[in-house]
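User: I have a model open and would like to go through its ligand sites. Could we begin with the metal?
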Amino acid sequence: MVIVRALMGLALFLVVPPFLPEWITFLLTLAWAKALAVLGVVLLLRGGLLTFGHALYYAVGAYTAGFAVKFLGVHEGLVVLVLAVVTGATTSALLGLLLARYRGVHFGLLNLAFSMVLYAILLKFYAVTGGTDGLRLPTPLLAGIKPPPQSLRLTIYYVTVVLTALLLYVAHRFTASPLGYTLRAVRDNEVRVEYMGASVRQAIYCSYIVAGVLASVGGVLAGFSVGHIVPEVSFWTQSGEFVFVALLGGTGSVVAPIAGSIVFEFVRNYAFKYSPYTWQMTLGIVLLIIIFFLPGGLWSLTGLARRWGFATRRWTR
Amino acid sequence: MGLRDATMDPVSAVLETVSLTKFFGMVRAAEDLSLRFQEGELVGIVGPNGSGKTTLLNVITGYVKPDRGRIRYQGRDITGLPPRAVADLGIARSFQMPQLYLSLTVLENLVLALAIRAGRAREFWAPLARVDRLDDARRILEQFGLEEHASHDAGQLPEGARKLLDVALSFARRPRILLMDEPTSGVSARDKSTVMDTLVPVLKGTGVTTIFVEHDMEVVQRYAERVLAFDEGKVVAAGSPDAVLADPAVRRALLGRA
Amino acid sequence: MSAGLTFTYGVVRILNLAHGNLYALGAYMGAWLVLGWGSSAWPVLSYLLLFVAAVFIGVTAGPVIERVFLRRVYGKAEEIQILLTFSILLILEDVIKLVWGVSPLFADKPYTYMGLVRLGGVDYAGYPFLLTGIAVVTGLLLWLVVTRTRFGKVLISVITDREVSSALGVNVPRIYTLAFTLGAVFAALGGAFTAPMFSLVPGIGAEVIVVSFAVVAIGGLGSIGGAALGALLVGLARATAVHLFPELDLFAIYLIMALVLLVRPQGLFGQVEARRI
Ligand SMILES: Nc1ncnc2c1ncn2[C@@H]1O[C@H](COP(=O)(O)OP(=O)(O)O)[C@@H](O)[C@H]1O
Ligand SMILES: [Mg+2]
């Protein structure tokens, strides 16, 4: 039944957009794409791991697309996506080897450090990365077909939504699986996990790779929808935004990041216009409110979680 | 029989420690402990606070590295193995302070234990909540009298139920050896015998070798088949419950300090 | 600066991400006071003003953050605590922008007053020497306070065992507030006295927190001697990097941090803590 309701929700997102103004479709595309990176942050948070550098993988995805177009002459979007999965997985598998040993503030800030190293590289190696100018991402082909210009936005939107929905389903399976539960158990009690015969390090490592791949795909999708990528995609404020949206949506369900992400994109669109200097302060205050009054995020506020059966605990209640 | 332990037939000892020694700075937590445990027996360990009972369990399960000495299990040297490897070999333990997954429900705690025990900890696609696994878990909850708590978060359980769940989690691994650290501490005096009456038949029924640390003399007297009395990291008396608990040195150590 | 960070962590056990903002606040306040009231007739005044700025920021912001916010999350999950300090970081970033605007603030008078120092035939600016002196003196003071005074003893007892100290009649919450405030003063001092060397732009707080975390991580969280050594290493590495590859200034810190953590996850002086079970 969960699946049926999820598909109904998805149908809504597929049917309505042709009747919406273009800028809304654009914001929605961005929200869905970024929700993948947020989902990565959420998965890690379920294991008690807070990262301040997840934009690293978002940037890896975006620049994989940029390099694929610029240096490999690849224009096929699907190939770019596969490449991004590979680069995302490779990067997270390598860094994960080091990071799976750390918890708490060490984990968070080491991730931050790595993402800032990437930021510095993207900024400084002008010849390859385009420096502050970034790289342009021309419209990709889709299975060999070039989308017609008048329906370009909508095409990218549909690709993004369908792909994200698929990955949400993967994440949903993951959270309900033994590995997903082991990750939650790690957050609760590492000693017991080891005494139970499972490897804490392995659970964290696997989840870290999954989280990295999700963000990397998100980076490609967001890159194509904006059409232009800049080093700021790896900056700490981007990572901070993912953490913020993760908390805003809540960590109780894999659908929560979508809700959080959409709300965030629209609110920012307005807030930024009216009061650019107090934007961070607003974020900070909202975060405080969430921490003290709404630990389950927006998702818990709707109360839909349990009624709709998305909450992961359904089968024991 | 206890004091002659070291000369017993080595083949029949399922678990054996040789000259185990562990100091925490100046504190002697274990000194030259050579112990043997037979297949299927139910051994009680008594001793005042800080006498090294928990440390012995920590060292056997690889949580704490001994300064000196070896641990042999089924003739195999397991000294230095990490807790995970020791657990995989069939030694499980419960804890003085229950170690549970507090944000998961009681049933989830147990189902996860079963999945890990079956070597499925790395599965990321099949759901944890398989029907057969749920059935197994419910059966164990029944055995331990926890079925009414099945859907409660472990963090909300009363102290006694936490203790039981902690033991149940270890028991779910179907170990050859079960080490229990004060299974009845924090449980009201009235419920102590209930807990033990629940545990002991289950354990005896499966033939698991059980070693339990216990403060309550009556509990030890009633349930242990053999008793080791610890003081300052050493065994000061060993043998039948009646003999050990009647030993004046033991009485002094236990009553004088605990 | 890093001494303050590791010090508060040692006591309160929460790594304060907003520590960098206290540094930035100290810097802005210092620069602002110097620009407003500093006079070239009486150079010492401007140093006094820097000091006053730091103490003011420390004793106002410190207790507020500790009492109003941190106090509510002691004993909660570590990620919640980090998130809390992160939200304070976000808020303070904008507070600085609102109060002092986004254009750079540059108060270099205290820097030029010190003039040049001639060493081995080469002229060096005098101010960095003063700064080093101040850093050494405050570091020593902190060390003396911790090891030699009654307050230090109480502090250590609180760190080692919170319950026992509170049973012995120590007012633990008050010690927490004091320690946190002291840490905040140190952060602001660091900010105020380095302010004359740079022109201040919004965002320095975030940059500084990364650097000082590197410093502290290298030394081991909670170790003051370690923080000093970490600061030295980071400083040297940064100088070398700036000299050899001017492009890769910030790299050096991350690299050292990554290397040290790889070899010794607990830092050079930190101790591994296994949970008692
Ligand atoms: N991890 C540790 N670090 C330092 N001292 C410890 C540690 N574990 C135990 N001890 C000390 O070793 C002694 C024995 O402790 P323990 O084995 O827990 O005793 P028991 O379980 O018999 O009460 C005590 O003095 C205790 O303080
Ligand atoms: Mg004990």
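Predicted model: local features only at pLDDT ≥ 70, side-chain atom pairs only at ≥ 80, totals over all residues.

User: Which residues coordinate the magnesium ion (ligand 2)?
Analyst: Thr54(B), through OG1, and Gln96(B), through OE1, coordinate the ion at 2.0 to 2.3 Å. The two are 42 residues apart: Thr54(B) belongs to helix α1 of chain B, whereas Gln96(B) sits in the loop between β6 and α3 of chain B.

User: Is Thr54(B) buried or exposed?
Analyst: Thr54(B) counts as buried, at 15% relative accessibility. Gln96(B) is partly exposed, at 29%.

User: Now ligand 1. Which chains surround ligand 1?
Analyst: Residues from chains B and C do, so the site is shared between chains. Among them are Phe24(B), Pro48(B), Lys53(B) and Arg276(C). The largest share of the shell, three residues, comes from α1(B).

User: Which polar side-chain atoms lie by an oxygen atom of ligand 1?
Analyst: One belongs to Thr54(B), at 2.6 Å. Another is in Thr55(B), at 2.5 Å from a ligand oxygen. The side chain of Lys53(B) also has an N or O atom 2.8 Å from an oxygen of ligand 1. Taken alone, ligand 1 exposes 560 Å², of which the protein buries 72%.

Key: Residues numbered from 1 in each chain as written. Chains lettered and ligands numbered in written order. Heavy atoms only, no water. Donors = N, O, S within 2.8 Å, 3.2 Å for Na, K, Ca; no water. Helix = DSSP H or I, 4+ residues; strand = E, 2+ residues; numbered from the N terminus. Buried < 20%, exposed > 50% of the residue type's maximum accessible area, 1.4 Å probe, protein only. Near = heavy atom within 4 Å. Polar contact = N/O pair within 3.5 Å; in protein donor to acceptor, adjacent residues only side chain to side chain. Areas by Shrake-Rupley, 256 points an atom, 1.4 Å probe, with all protein chains shown as cover.
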